[in-house]
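Work through the exercises below with the sequence and the model in view. Try each task before reading its solution.

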Amino acid sequence: MQNIFEEIKKCGIIPVIKLDDADDAVPLCRALAEGGLSAAEITFRTDAAEESIRRISSECPEMLLGAGTVLNVETVKRAVDAGSKFIVSPGLNPVVVSYCDKKGIAIVPGVCNPTDIETGLSLGLKTLKFFPAEAAGGLKMLKALAAPYTMINFMPTGGIDRRSVGDYLSFKPVIACGGSWMVKDELIKNKNWAEITRLSKEAAEIRDKIRGEA
C-alpha cells in the first residue's frame, strides 16, 4: 500500500475527472500523459465512472488510476474490480476506511478540521485529503491544521488551480494536489485533447520547477 502513496507523491498533481461518456476516458488520459501528468482520479459522480476506470486500466496501464467521490463500501468494490489502485472520498467514513484497511486498499479520505484528522489517526491513516481546500481556508488553513500533526501528509483538493498549485506543492506535508482545471467539463465535452495536453504540460512544469526537476 505504501508504494501507492509514493507513486502519488511522484505524480504530484492528480487530475480529478468527471466523465459523462466512457468513450472519452482513454483519449483524455493519453492527453494527460502526453502533457506529463501520469495519474487520474475518476469520480463516481456519473454513471460512466466504472466503465471509464475499466477502459483506462486496460488501455492505459501506465496511468496511476484512482476512484473519487467514493461514499460506501459497494463503490470501493466496484472501483477496485474495475482497476482502481487507490480510493479518494470527500469525507472520512470509518466504515469505508476500515474496509479498505482490511483489504489492503489505499484510501485518501477528506478532512477539514482537527477532529477529522484525529479520527484518521485513530484509524491508522497517514495521508489525508484536505477538502474542500480553497473553500476551507486554503493554504493558510492547511498550514494551521498541519502544525500539530507532523506525522500526517496531505493531498489538498478543491478549488486549486494553476495559480495556487505551486504554493501548495511547496508546503512539505503536501505530497500531491488534486485539481480539475486541466480537465474542465467543456474541454472534455468538446474533445479538446490538445488544450488538455497544453494545460497538463503547464501544470507539470510548475510541479517540476517546485521540485527542482526542471
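The model is predicted: local features need pLDDT of at least 70, side-chain atom pairs count only at pLDDT 80 or more, and totals for chains, interfaces and linings use all residues. Residues are numbered from 1 along each chain as its sequence is written, and side-chain values use heavy atoms, with hydrogens and water left out.

**Exercise 1. Find what covers the buried residues of helix 7.**

Step 1. Helices (H or I, at least four residues) and strands (E, at least two) are DSSP runs, numbered from the N terminus. Helix 7 takes in residues 138-146.

Step 2. Buried means under 20% relative accessible area, exposed over 50%, and partly exposed in between, with a 1.4 Å probe and protein chains only. In helix 7, Gly138, Leu139, Leu142, Leu145 and Ala146 are buried. These residues are on the same side of helix 7, because they cover an arc of only 120° around the axis. The arc is that of the directions from the helix axis to the C-beta atoms. As background, an α-helix has 3.6 residues a turn, so residues three or four places apart point the same way.

Step 3. Contact means heavy atoms within 4.5 Å. The cover over the buried residues of helix 7 includes helix 6 (114-122), strand 6 (127-130), strand 7 (153-154) and helix 8 (165-169).

**Exercise 2. Sort residues of helix 5 into buried and exposed.**

Step 1. Helix 5 (residues 94-103) has Val96, Val97, Tyr99 and Cys100 as its buried residues. They fall within an arc of 160° seen down the axis, so they line one face of helix 5.

Step 2. Val95, Asp101 and Lys102 are exposed, on the other side of helix 5.

Step 3. Helix 4 (73-82), strand 4 (86-89) and strand 5 (106-111) are what the buried residues of helix 5 pack against.

**Exercise 3. Count the disulfides.**

Step 1. A disulfide is a pair of cysteine sulfur atoms within 2.5 Å.

Step 2. For Cys60, the closest cysteine sulfur is in Cys29, at 5.4 Å, which is too far for a bond. Cys60 is buried, at 1% relative accessibility.

Step 3. For Cys112, the closest cysteine sulfur is in Cys177, at 17 Å, again too far for a bond. Cys112 is partly exposed, at 30% relative accessibility.

Step 4. The count by this rule is 0 disulfides.

**Exercise 4. Locate the backbone exceptions.**

Step 1. Most residues other than glycine have a negative phi, and most peptide bonds are trans.

Step 2. Thr69, not a glycine, has a positive phi of about 55°. Thr69 is in the loop between strand 3 (64-68) and helix 4, and is buried with a relative accessible area of 18%.

Step 3. Lys191, also not a glycine, has a positive phi of about 50°. Lys191 is in the loop between helix 9 (185-189) and helix 10, and is partly exposed with a relative accessible area of 43%.

Step 4. Phe131 and Pro132 are joined by a cis peptide bond, with omega about -10°. Pro132 belongs to the loop between strand 6 and helix 7.
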